[in-house]
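Here is a short briefing on one protein chain. Look over the sequence and the model, then read the points by topic.

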Amino acid sequence: MLKAPSTRRVLIIEDERDLAELVKRHLEDSGFTVETAARGDDGLRAAEATAFDLILLDLMLPGMDGIEVCRRLRARKVQTPIVMVTARTTEVEKVLGLEMGADDYIAKPFGLAELTARIKAILRRIDSLATTSDADDRPIDLGTAVRIDPASRQVIVRGQIVVLTPKEFDLLLHFARNPGRVYSRSQLLDAVWGYSHEGYEHAVNCHINRLRGKIETNQARPELLLTVWGIGYKLADHAVTGT
């Protein structure tokens with residue numbers, strides 16, 4: 001059964017108090033329980049002390065910037081989905097946030113309806129993965145080096161547990177359940193992120209690159225997650241070797 005919004009806890013780490021309060025009120029009107037923090041270090045402590053369903057994290061913060069907050073949370077194995085908020089127009093900060101383990105980003109100024117839709121899409125995707133059948137929970141082996149355990153959401157690479165962000169795991173599992181099938185970036189946004197927006201395709205590229213760095217023997221010459229030039233990506237046709 002999917003969780004009701006009223007059971008969802010969202011942490012907003014944002015130093016623009018008017019914006020934080022506006023988003024807080026809007027999400028509360030949508031049924032969420034919301035807490036706020038105005039500093040990066042305060043937000044980090046809150047995220048470690050309380051189990052949230054999602055963190056809305058501004059990039060530029062006093063005390064500690066959003067990228068460092070994200071990096072520390074992931075290093076401490078806090079796997080709560082993180083949506084990075086950025087006012088920058090360049091791609092560098094957005095890519096950095098994704099590389100540090102953010103699951104998504106949204107650029108200022110944003111509409112409250114779009115933000116809420118994005119948050120609900122992420123949570124809906126997590127719920128759908130939590131309601132898979134027992135058959136879908138069977139471990140999946142990729143060659144002899146990688147094992148995916150959907151039940152525990154763990155990935156073991158060459159005998160060692162590798163920490164993936166929620167979105168990295170979802171993306172890898174989607175490929176593993178559809179070996180050999182080619183997906184465009186837009187199709188992956190639909191299937192894994194739960195939405196498709198023009199201009200966000202490079203978020204897929206960043207996640208693919210991070211996954212390759214964690215599961216491939218040689219990231220520069222991937223053998224599992226392959227690029228299909230001019231189209232998108234696929235898991236190698238014969239990658240799935242057993243259960």
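In the classes used here, Ala, Val, Leu, Ile, Met, Phe, Trp, Tyr, Cys and Pro are nonpolar, Asp, Glu, Lys and Arg are charged, and the others, Gly among them, are polar. The model is predicted: local features need pLDDT of at least 70, side-chain atom pairs count only at pLDDT 80 or more, and totals for chains, interfaces and linings use all residues. Numbering runs from 1 along each chain as its sequence is written, and side-chain values use heavy atoms, with hydrogens and water left out.

**Enclosed space**
- A cavity is a set of points on a 1 Å grid over the protein atoms alone where a 1.4 Å probe fits but cannot get out; lining residues have an atom within 4 Å of a point.
- The count comes to 1 cavity of 30 Å³ or more.
- The largest cavity has a volume of about 50 Å³, taken as the space filled by probe spheres set on points joined across faces, edges and corners.
- Its lining has 9 nonpolar, no polar and 2 charged residues.
- Among the lining residues of the largest cavity are I12, E14, L57, D58 and F110.
- β1 (9–13), α1 (17–29) and β3 (54–58) each give at least two residues to this lining.

**Open pocket**
- A pocket is an open set of grid points with protein on both sides within 12 Å along at least five of seven lines.
- The largest pocket has a volume of about 210 Å³.
- Of its 13 lining residues, Q79, S152, R153, Q154 and L164 are the closest to the centre.
- The lining of the largest pocket divides into 7 nonpolar, 4 polar and 2 charged residues.
- β8 (154–157), β9 (160–162) and α6 (166–176) each supply at least two of the lining residues.

**Fold and sheet**
- The protein chain has 8 helices and 13 strands, which are DSSP runs numbered from the N terminus (helices H or I, at least four residues; strands E, at least two).
- An open sheet of 3 strands has the order β10-β12-β11, with antiparallel pairing; two strands pair if DSSP finds at least two bridges between them.
- β10 (183–184) and β11 (225–228) are at the edges with a single partner strand each, so one side of each has no neighbour in the sheet.
- β10 is joined to β12 (residues 232–235) by 2 bridges.
- S184 is opposite G232 in β12.

**Burial and surface**
- Of the 243 residues in the protein chain, 49% are buried (under 20% relative accessible area, 1.4 Å probe, protein chains only).
- The protein chain exposes about 11400 Å², with 51% of it from carbon and sulfur atoms (Shrake-Rupley method, 1.4 Å probe).

Methods
Buried means under 20% relative accessible area, exposed over 50%, partly exposed in between (1.4 Å probe, protein chains only).
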